[in-house]
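Biologist: Please take a close look at the aromatic ring pairing in this model. What does it consist of, and what can you tell me about its surroundings?

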Amino acid sequence: MSDAEQVSARIIAVANQKGGVGKTTTAINLGTALALAGQKVLVVDVDPQGNASTGLGILTSQRKITTYDVLLGEADFVDAITHSSVENLHVAPANVELSGADAELMAEEDRAKRLRVALEKARTGDLRTVYNYILIDCPPSLNLLTVNALSAADSILVPLQCEFFALEGVTQLLTTVKRIQLSLNSRLRIHGIALTMYDKRNNLSFQVAEDVRENLGDLVFKTMIPRNVRLSEAPSFAMPALIYDPTCAGSEAYRALASEIMERDGVLQTA
């Protein structure tokens, strides 16, 4: 049996239409934690800000071919993939050009399935590397780029900030997921809700976490990502927090989240 037959990449969209919830931080550090645990990981950046690409060490000058070129049909997906600063972790980078993709694709009949088609080769191991996990970092909106990600994904991981109105935002996202399931991607499921920016000294954080667990039950991961200055500092050094400061509270939390995800998926940790 070939490697391609042995491994089927799990495609997870990291999405929340609300900005500032730790979405890109989660894509960067969860991807790194999975890679450090021995998984082959690809982070697909479909956020025009390109912060996931930057945070994984891909300089703007290195982004010769991006997800914009792939979505517009001007390049093959395999040619957009580049090595990150982390072993076992590759990146399909994005840049500001992607902000025009919505308008440029609007007249195309297959506009919502461009990323899905581009990722089909990943399932057969035809991207020169056989991946265990493909994480799609989505923009902070429910635009065509996010719809493309949800159409391509097996599941969605929702970073949810521990603040007032948190449930209101996730309710809107879950409604969108149901629409995608009915119209574009019947296999899409909720992989889990990851509580982020948790401050154990703040009663509101505790109350929000309790409220979310009460309403969403087992969908909520046990691991909570704390407010941690190292998580904020690391991107300015173009590296994940797990490389910048492996022992900080944020790094430890993302390692725990990766272990929890692999346990849910029945994946053995190999490193």
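Modeller: Start with the rule. Two rings of Phe, Tyr or Trp make a pair if their centres lie within 6.5 Å. Planes under 30 degrees apart count as stacked. Keep in mind that this model is predicted.

By that rule, the count is one aromatic pair. The partners are Phe237 and Tyr244, with ring centres 5.0 Å apart. Their planes meet at 20°, so this pair is stacked.

Are these partners buried or exposed? Phe237 is partly exposed, at 48% relative accessible area. Tyr244 is also partly exposed, at 24%. Buried would need under 20%, and exposed over 50%.

Now look at Ala238. Ala238 sits in the loop between helix 11 (229–233) and helix 12 (241–244). The phi of Ala238 is positive, near 55°, though this residue is not glycine. Most residues other than glycine have a negative phi. Ala238 is partly exposed too, with 25% relative accessibility.

Asn88 shows a positive phi as well, near 75°. Asn88 lies in the loop between strand 3 (82–83) and strand 4 (89–92). At 21% relative accessibility, Asn88 is partly exposed.

Go back to helix 11. Helix 11 gives two or more residues to the lining of the largest pocket, as do helix 2 (23–36), helix 3 (51–55), strand 7 (189–198) and strand 8 (220–226). Helix 2 gives the most, with four residues. The space inside this pocket is about 400 Å³. Its lining has 25 residues; Gly22, Lys23, Thr24, Thr25 and Met197 lie nearest the centre. By class, twelve lining residues are polar, nine are nonpolar and four are charged.

Next comes helix 13, residues 249–265. After helix 13 comes Gly266, with a positive phi near 70°.

Last, the nonpolar cores. The largest has 55 residues, and Val44, Phe77, Leu115, Leu119 and Ile136 touch the most other members. Another core lies apart from it, with 32 residues, including Leu30, Ala33, Ala52 and Leu231.

So keep this picture of the pair: Phe237 and Tyr244 are stacked, because their planes are at 20°.

How values were computed: Residues are numbered from 1 along each chain as its sequence is written. This is a predicted model: local features need pLDDT of at least 70, side-chain atom pairs count only at pLDDT 80 or more; totals for chains, interfaces and linings use all residues. Side-chain values use heavy atoms; hydrogens and water are left out. The expected span of a helix is 1.5 Å times one less than its number of residues. Rings of Phe, Tyr and Trp (its six-membered ring) pair if their centres lie within 6.5 Å; planes under 30 degrees apart count as stacked, over 60 as edge-to-face and the rest as tilted. Buried means under 20% relative accessible area, exposed over 50%, partly exposed in between (1.4 Å probe, protein chains only). A nonpolar core is a set of buried Ala, Val, Leu, Ile, Met, Phe, Trp, Tyr and Cys residues joined through side-chain atoms within 4.5 Å. On a 1 Å grid over the protein atoms alone, a cavity is a set of points where a 1.4 Å probe fits but cannot get out, and a pocket is an open set with protein on both sides within 12 Å along at least five of seven lines; lining residues have an atom within 4 Å of a point. Grid points are joined across faces, edges and corners, and a volume is the space filled by probe spheres set on the points. Ala, Val, Leu, Ile, Met, Phe, Trp, Tyr, Cys and Pro count as nonpolar, Asp, Glu, Lys and Arg as charged, and the others, Gly among them, as polar.
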